[in-house]
Amino acid sequence: MTKIYEKAPAKINLLLDVLRKREDGYHDVQMVMTMVDLADRLEMEEIPGDRIVLSSQAGFIPLDEKNLAFQAARLIKERYNVSKGVYIHLDKQIPVAAGLAGGSSDAAAALRGLNRLWGLGLSGSELESLGAELGSDVPFCVRGGTAVARGRGEVLESIPSPPQCWVVLAKPPINVSTADVYGKLKASELKFHPSLDGMLSAIRRDSFADVCASLGNVLETVTLQRHPEVRQIKECMEKLGADGVLMSGSGPTVFGLAAKETKVARLYNGLRGFCKEVFVARMLT
Ligand code: ATP
């Protein structure tokens, strides 16, 4: 039996701005998203019967229709009338509910993989449209690379990769719900908006220092206030000499960028002192 493997990398937001709350309840956002090489891995193969079976070594995620990879498999199967069975094994490495779009990336990897396994011949943009039905971050995860995301996050414009660097990620032991954070955000009262133009210009000029100086995430106003441990991790990373520090998505994961490898060990060891989940990754270019 043919087996298909797909990687599902974590995403980080270099910039996350919220422009306004829309009448449909969603928020109009402006984000710069990119991927790091901390990744889940999906293995997919055909099985007899018309069914989807999902397994994972991680004991703490749902394996039924609540799982985004399962939902992705069901969507593509139903939309293209595939009456075959599939077994998906999900090797989960990205921390869950962390602001790293782990579930969205798994869904995207399932769409890419099943398109290949079943020989459906769908284009990247067809897969992105399917992904948009599953969640706002899924189209970006289908496409990968680096992109500006607008609208709810599903309107994408690919841009060049930021300068290559190390990314140290630390997740405090709390769960943050993205819906909750957006619910608490008062978009019209935001006093500061990070500059998208500044970030785009820094990336275009391949200036690592300016990328670090342009990092910004308005959701920090909600999450840092409610969870002091996230602020503590930010301060710790700054003290340990990270070149740039930001919370990813709605949190609680904080990432620190470092150009030099020598800084990485210092950051990792310093953070491990009071945070169990610390990861070292490279920016994917
Ligand atoms: P985002 O940054 O897009 O908000 P996140 O990293 O904060 O995502 P996820 O790791 O995607 O959050 O998980 C959020 C919730 O989704 C969890 O409560 C989890 O139970 C559920 N979930 C569904 N499918 C998956 C999956 N494949 N991997 C992890 N969590 C999943």
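Contact here means that heavy atoms come within 4.5 Å of each other. I'm keeping that in mind while I look through this structure, which is a predicted model.

**Helix 3**

I started with helix 3, residues 124-132, and looked up what is buried there: Leu127, Glu128, Leu130 and Gly131. Around the axis these residues span an arc of only 160 degrees, so they sit on the same side of helix 3. Next I checked what covers the buried residues of helix 3, and found among the cover helix 1 (68-79), helix 2 (102-117), helix 4 (138-143) and strand 6 (155-159).

**The ligand**

Which residues come nearest to the ligand? Out of 20 around it, I noted Asn67, Leu68, Gly103, Asp106 and Thr178. Then I went through some polar atoms. Asn67 has a polar side-chain atom 2.9 Å from a ligand nitrogen. For Leu100 I found a backbone N or O atom 3.1 Å from a ligand oxygen, and for Ala101 a polar backbone atom 3.0 Å from an oxygen of the ligand. On its own the ligand has 610 Å² of accessible area, and the protein covers 78% of that.

**Thr253**

Is Thr253 buried or exposed? I found it in the loop between strand 9 (244-247) and strand 10 (254-258). Its relative accessible area is 1%, so Thr253 is buried. Residues that Thr253 touches include Ala98, Leu100, Leu169 and Lys171. With Ala98 there is also a polar pair: a polar side-chain atom of Thr253 lies 2.8 Å from the backbone oxygen of Ala98.

Key:
Residues numbered from 1 in each chain as written. Predicted model: local features only at pLDDT ≥ 70, side-chain atom pairs only at ≥ 80, totals over all residues. Heavy atoms only, no water. Buried < 20%, exposed > 50% of the residue type's maximum accessible area, 1.4 Å probe, protein only. Helix = DSSP H or I, 4+ residues; strand = E, 2+ residues; numbered from the N terminus. Arc of directions from axis to C-beta. Near = heavy atom within 4 Å. Polar contact = N/O pair within 3.5 Å; in protein donor to acceptor, adjacent residues only side chain to side chain. Areas by Shrake-Rupley, 256 points an atom, 1.4 Å probe, with all protein chains shown as cover. Lists of a residue's contacts leave out its neighbours within four places in sequence.
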